[in-house]
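User: I am new to this structure and would like to learn how to read a few of its features. Please take me through them one by one.

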Amino acid sequence: MIRTDILGNSPIFVIGLVDTLTKAGIKVVAMRTSPTVDASRLADAAVIDVDALRIPHDLTHITEVAKSAAVLVLSNSGCVEAEMYLRAGALGVVSKMESCEGIIGAIRAVTSGSRVWPTESGGEPTALHADTLGDHLSKREAQVLRQISRGLTHGQIATRLEISPHTVDTYVKRIRAKLGVGNKAELTRAALLG
């Protein structure tokens with residue numbers, strides 16, 4: 001089950017988003033209307049409405065949250081500002097006018113390691129798999145590698161992904177074999193570069 005943290009400008013919008021995500025089987029672990037409230041460390045994904053940021057172009061909150069969760073930005077504009085949010089650490093950007101299915105799909109995509117880019121024509125957002133993760137690692141292996149890049153221990157990863165520590169060890173062995181890395185430092189480097 002995907003766990004999300006939501007930062008939204010409008011409480012009504014946040015309530016509607018929570019209802020939509022809950023019906024889709026996505027658990028909302030925190031709802032915030034201010035970036036001064038810390039994001040939940042339990043979240044796999046953080047959905048951030050750019051209108052909720054203190055200063056429209058202050059992206060430090062996105063950068064901070066991206067250290068512990070996959071960030072999906074809800075934007076007012078299309079592709080123009082998307083690159084700026086992605087450089088700040090977001091894995092995806094979609095329009096706030098996106099359909100419920102589009103937002104749900106984008107959350108699922110960013111938690112599996114894909115980047116989501118809005119289309120200029122207002123069509124469905126495009127999911128782009130990271131080169132090193134998309135072709136070589138399974139979805140779960142990519143999740144484990146992403147948690148390693150955030151500095152989590154195997155025990156913390158097991159708790160977060162709701163699997164046993166032994167299963168995490170198995171995934172790490174598979175990741176090392178697929179990426180051709182030998183030790184924890186090389187694995188962490190591959191995770192950060194990936």
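Analyst: What follows covers a pair of helices and then a strand with its neighbours. The model is predicted, so local features need pLDDT of at least 70 and side-chain atom pairs count only at pLDDT 80 or more, while totals for chains, interfaces and linings use all residues. Residues are numbered from 1 along each chain as its sequence is written, and side-chain values use heavy atoms, with hydrogens and water left out.

User: How are two packed helices described?

Analyst: By the angle between their axes and the distance between the axes. Axes are lines fitted to C-alpha atoms, for helices over the stretch in contact, and angles run from 0 to 180 degrees between N-to-C directions. Here, the axes of H7 (residues 154-161) and H8 (residues 165-179) cross at roughly 110° and come within 8 Å. H7 and H8 are therefore roughly perpendicular (65 to 115 degrees).

User: Which residues of H7 and H8 make the contact?

Analyst: H7 contributes His154, Ile157 and Ala158, and H8 contributes Pro165, Val168, Asp169 and Val172; contact means heavy atoms within 4.5 Å.

User: Is strand E4 buried or exposed?

Analyst: Buried means under 20% relative accessible area, with a 1.4 Å probe and protein chains only. In E4 (residues 70-75), 6 of the 6 residues are buried, so the strand is largely enclosed by the rest of the structure. Ala70, Leu72 and Leu74 lie on one side, and Val71, Val73 and Ser75 on the other.

User: Which strands pair with E4?

Analyst: Two strands pair if DSSP finds at least two bridges between them. E3 (residues 45-49) runs parallel to E4 over 5 bridges, with aspartate 49 opposite leucine 74. E5 (residues 92-95) is also parallel to E4, joined by 4 bridges, and serine 95 is the bridge partner of serine 75.

Terms used. Helix = DSSP H or I, 4+ residues; strand = E, 2+ residues; numbered from the N terminus. Parallel < 35°, antiparallel > 145°, perpendicular 65-115°, else oblique. Buried < 20%, exposed > 50% of the residue type's maximum accessible area, 1.4 Å probe, protein only.
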